[in-house]
Amino acid sequence: MSEDAANADSGRESMEYDVVIVGAGPAGLAAAIRLKQLSPDITVAVLEKGSEVGAHILSGAVIDPKGLTELLPNWKALGAPLETPVTADKFLLLGPQGSLDLPMWAMPGYMNNHGNYIASLGNVCRWMATQAEGLGVEIYPGMAASELVFNPDGSVKGVVAGVFGIDKDGNKGPDYQPGVELHARYTFIGEGVRGSLAKVLKAKFGLGEGREPEKYGIGIKELWQVPADRFVPGLVQHTTGWPLDNHTGGGSFLYHFGDNYVAIGFVVHLNYKNPWLSPFDEFQRFKHHPDVARYLEGGKRISYGARAIAEGGLQSLPKLYFPGGVLLGDSAGFLNVPRIKGSHNAMKSGMMAAEAAFAAIQAGRTGDELTAYDEAFQTSWVKTELRKVRNAKPLLSKYGTTLGGALGMFDMHVANVFGGFSFFGTLKHGKSDAESTGLAKDYKPIVYPKPDGVLSFDKLSSVFLSNTNHDENQPAHLKLKDPAIPIAVNLPEYGEPARLYCPAGVYEVLYDDNGKNPRFQINFQNCVHCKTCDIKDPSQNINWTTPQGGDGPNYPNM
């Protein structure tokens, strides 16, 4: 059947653009803006699976304005919501009750947050969307890009978006809509970490060949509003250490900004070994530490969310281009792990991709490989920045928090002074995060304290604050490759860690009245789209796909 015939059979209409961008995050919106800056005549569409721009954006966030300044030098005059400059910078090594204040002067200069801003990245993206639309970019929120469209030669032609009305049994319901095909000369993939289309592209075109395994963390965040006597405008506090042990990487952030807001979050590196560990519960007990609780006491928790974080750095970056398109931002993995910052690099990636596509379109090209994007990256400040910190993550993984952290700090100092040189060369990551998971029999189950409902909370009340919603009469977007594996393999070997690593209570192991006959239950309605299950499942049996457009969390000010 010809492509046109297949299109007709699906009932889909098609729309033609010069560039289609999947994902209205900082990378995708920066790309859209730069394309229109280069030529008002270039047609650009941005697809966003959230109900609105920013609905699925979650970040700390302390924002380095470098990328935004390059994109929109007059961002202050345009009203960008970078409202709170950093005024104080602290880094603590926590013990169970006390802490050690690590001097900022002993760290490489780029670890200092002077000149950066505390903000809601979701609100920054909402503002960027208004700038893009003012330039003529078409933005379609609530339109999940669910599959790729290919040309006869195998290059990417575009995406399918806006499929609605498939019922839970996979049948077309009364409100079925087949969606629309958006065709483009070039398709930009900026879905964020572990996106469903990026996974397909990486596999189809071998984009990860010759690279180290992708590495991830899970970041869990709450937004609090606190009394004036607890609020320190512009304070940035990071911690490492307790409650995690020396062989489990991670840390925290606590940022004071805006209207007495405190953004507090906890990151756990997903290469942890103990399958009994629960990142959510580690976060909840962390908030009871005296150096944390004193900023929250008397306050109110107003929002909650979680997302995976790309931690592989330079060694794990895939090939950035494929026939007919490119990977942007977190779809590629430009996060600077030691700085816990990536939005500036994401914006720059979008700009570099836009410039490469503009030159190709001007030359009359379409659907080929935008090699100029990779060439620009190789000489960019993004690569320079990632090169200086490339060994921080592998050193932590190999030597633990104390020694690995010290070696990493030394290595970053050397690399910063000597243009990226390291005595360690370029270290490898080794195993994937899934492969790093240990057997349940080799570790003691962790008994977590019960939440007090004041500083610490349970999963379901937390999910409620994420404003998560999924139409229950649709197929579960969390697919099991083999439905038998959770009970037959994961439960006896690993204790079925999905029920613990998921921060939203999506996965449960249920038993009958006699405590026997376990079964695996997926509460997909709770999913906050963090993608941790897709990454950490030791059997790699869970495939996260996009639900129908508009579903998922609706994050305010996150």
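T401 is a residue of helix α12, which spans residues 392-417. The model is predicted, and the description below starts from this position. T401 counts as buried because its relative accessible area is 15%, under the 20% cut-off for that class. Leaving aside residues up to four places away in sequence, T401 touches T240, G241, D245, N246, T248, L396 and A406.

Strand β2, residues 44-48, is also a buried element. Of its 5 residues, 5 are buried, so β2 is largely enclosed by the rest of the structure. In a regular strand, side chains alternate between the two faces of the sheet. In β2, V44, V46 and E48 point one way, while A45 and L47 point the other way. Residues on both sides of β2 are buried, E48 included.

The partner of β2 considered here is strand β1, residues 13-22. β1 and β2 run parallel and are joined by 4 bridges. Within this pairing, V22 has L47 of β2 as its bridge partner.

A separate topic is the open sheet made of 3 strands, in the order β3-β7-β4, with antiparallel pairing. Its edge strands are β3 (62-63) and β4 (84-85), each of which pairs on one side only. Between β4 and strand β7, residues 117-118, there are 2 bridges in the antiparallel sense. At this pairing, P85 stands opposite Y117 in β7.

The last topic is helix packing. Two packed helices are described by the angle between their axes and the distance between the axes. For helix α2 (residues 26-38) and helix α4 (residues 121-134), the angle is about 20° and the axes are 10 Å apart. Angles under 35 degrees count as roughly parallel, and α2 and α4 are therefore roughly parallel to each other. The crossing of α2 past α4 is left-handed.

Which residues of α2 meet α4? On the α2 side they are P26, L29, A30 and I33.

Conventions:
Residues numbered from 1 in each chain as written. Predicted model: local features only at pLDDT ≥ 70, side-chain atom pairs only at ≥ 80, totals over all residues. Heavy atoms only, no water. Axes fitted to C-alpha atoms, helices over the stretch in contact; angles between N-to-C directions. Parallel < 35°, antiparallel > 145°, perpendicular 65-115°, else oblique. Left-handed = near helix turned anticlockwise from the far one by under 90°. Contact = heavy atoms within 4.5 Å. Buried < 20%, exposed > 50% of the residue type's maximum accessible area, 1.4 Å probe, protein only. Pairing = 2+ DSSP bridges.
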